[in-house]
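Please look over the structure shown here before reading the report below.

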Amino acid sequence: MNLFRTALLLAKKDLYSELKTKQILTTQIIFAGLVIVVFSFAFDPANNTTKAVIPGVIWVIIVFAGILGLNRSFISEQRNDTMQGLLVAPMESSSIYLGKFLANFAMMLVVEIVSIPFLFLLFDFKFNGSLGYFVLVIFLGSFGFIAIGTFLAALAANSKSSEMLLPLLLFPITTPILIGVVQATKIILTNMEKLSSAIAWIQLVTAYDVIFFVVCFLLIDYVLEV
Amino acid sequence: MNYEYMFAAYSVAWVVIFGYMFIIGKKHNKLKKEIEFLKQLDK
Amino acid sequence: MSMNLEREKAVLTGTQLSEVKSTNLSKILFGATVISMLISLYFIFIFAAEETTMHAAQKIFYFHVSSAWLAFMAFFVTFVFSILFLIKRKRIFDTYAYVSAEIGIVFTIIVLTTGPIWAKSAWNTWWVWEPRLITTLILFFIYIAYIMIRQMDGVWDKKARLSSVFGIIGFADVPIVFFAIRWWQTKFHPIVFGDGPSQQGGGIESSMLVALLVTITAFTILYAYLLNKGVSFENMKIKVDRYKEKLREELEK
């Protein structure tokens, strides 16, 4: 599969350059930490009702930290016009998309692995739901968010003010994911008896992920045109 | 009899529709003036 | 990316900047709009039976539903012309998509303002977090984003391409948004047509249905008029831009 090989190559390139500079990952993680601190001001961690907002906070962190990474993923190719190089390279534009997606997704997962335990720790949240389902929801939600986010980042990168444009494009489009994962996370973290409706939400998010991943794959040719 | 709500809703709707048409008309006039100017320039 | 290849050099040669004529079609559509609007007002206020629990406030229903219908139709037209543009790459398709999206936004604003007024009179609260309202709000944001892509700087075909892509994605998103929100919470809107659990009896009286259909027809004609007007305006603007380009080239000589 040539498509996947070039995509992996591209993802590796992005991750290597990220490992060298550690610019985006550090920013994302520090930002996530700051969001947690801000939330501790907004909602008293000592208060028991705060537990109810934890599922929402998790996703606020993921969404905003994710936006930071997505913004950089295509803008970083503009200096030295390396985007032009990628476009004229002998590979499909869908593998550029796939490569960028893999790199962003990997970074997103690292941010989540660091920041979510940190959040539970600081808010003294006793985890008594099912860890497997929790990880599944986080994985599916991030997958959909990053998939559509990478696509729209490629689209927004054409604008001079793409940092401002991307959230405006991304948030309305991802509302179904955000609703679905927040509901599912809430059920899994606080009320395991209603697991069946959490599973229904997971199915909705999965369907969204599949539909939009395919649509993005088909349409990326039009976005990444020379 | 709830007339005020009906009145409010319909006035909002008409204001928006006519406002949009007004804005289009204004843009139209501006363009017309520009065309006149260009024509003079061309001569 | 950085592909400012300045492709907008298709300079118009020997253009006759004909006056922006209000063509026959536009005139006919304007007349039809005025007449059908008057008829629909007659049907709404005189013909249709008055609702027993909400009285006059119920009349908001006709404009509210018709605006929603028009907005959805407009966005659907944007969706269709976006696909057509990506296949055929003709500028006229892009113009249609753009003008239609703009009209859609205008009527979404009407839906979003008459909706709360209705809510206030019927349920005594301005805003209800109800699937159709939230979906309309999200729809509004999606197409604002669409317009913002159009406002980008750059050559027209790049903008047209990107906004077409977004027009397709945005429209594909709408049903999913609706179902997600409907699952999330569903309480308020009675299901007027077809079977289903509804509040306060539900259903619709035949005179009201006639009035609604007449209003929807009137709005559809209004849409046709606005679309025609907007497209001819955009075309004129494109022509003027090309003409300016030509003049500038002559000056540079």
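The report covers the contacts between chains and then the annotated spans.

Residues are numbered from 1 along each chain as its sequence is written, and chains are lettered from A and ligands numbered from 1 in the order in which they are written. The model is predicted: local features need pLDDT of at least 70, side-chain atom pairs count only at pLDDT 80 or more, and totals for chains, interfaces and linings use all residues.

Chain C touches chain A through 27 residues of chain C and 28 residues of chain A, where contact means that the C-beta atoms of two residues, placed from the backbone, lie within 7 Å. On the chain C side, helix 4 (131-150) and helix 5 (156-184) each supply at least two residues. Helix 5 of chain C gives the most to this side, with 15 residues. Helices (H or I, at least four residues) and strands (E, at least two) are DSSP runs, numbered from the N terminus.

By class, the side of chain C that touches chain A has 20 nonpolar, 3 polar and 4 charged residues. Ala, Val, Leu, Ile, Met, Phe, Trp, Tyr, Cys and Pro count as nonpolar, Asp, Glu, Lys and Arg as charged, and the others, Gly among them, as polar.

Chain B also meets chain C, with 22 residues of chain B in contact with 27 residues of chain C. The chain B side of that contact has 16 nonpolar, 2 polar and 4 charged residues.

| Span | Helix and strand | Distance between end C-alpha atoms |
|---|---|---|
| Residues 49-70 of chain A | 77% helix, 0% strand | 33 Å |
| Residues 201-224 of chain A | 96% helix, 0% strand | 33 Å |
| Residues 6-24 of chain B | 100% helix, 0% strand | 27 Å |
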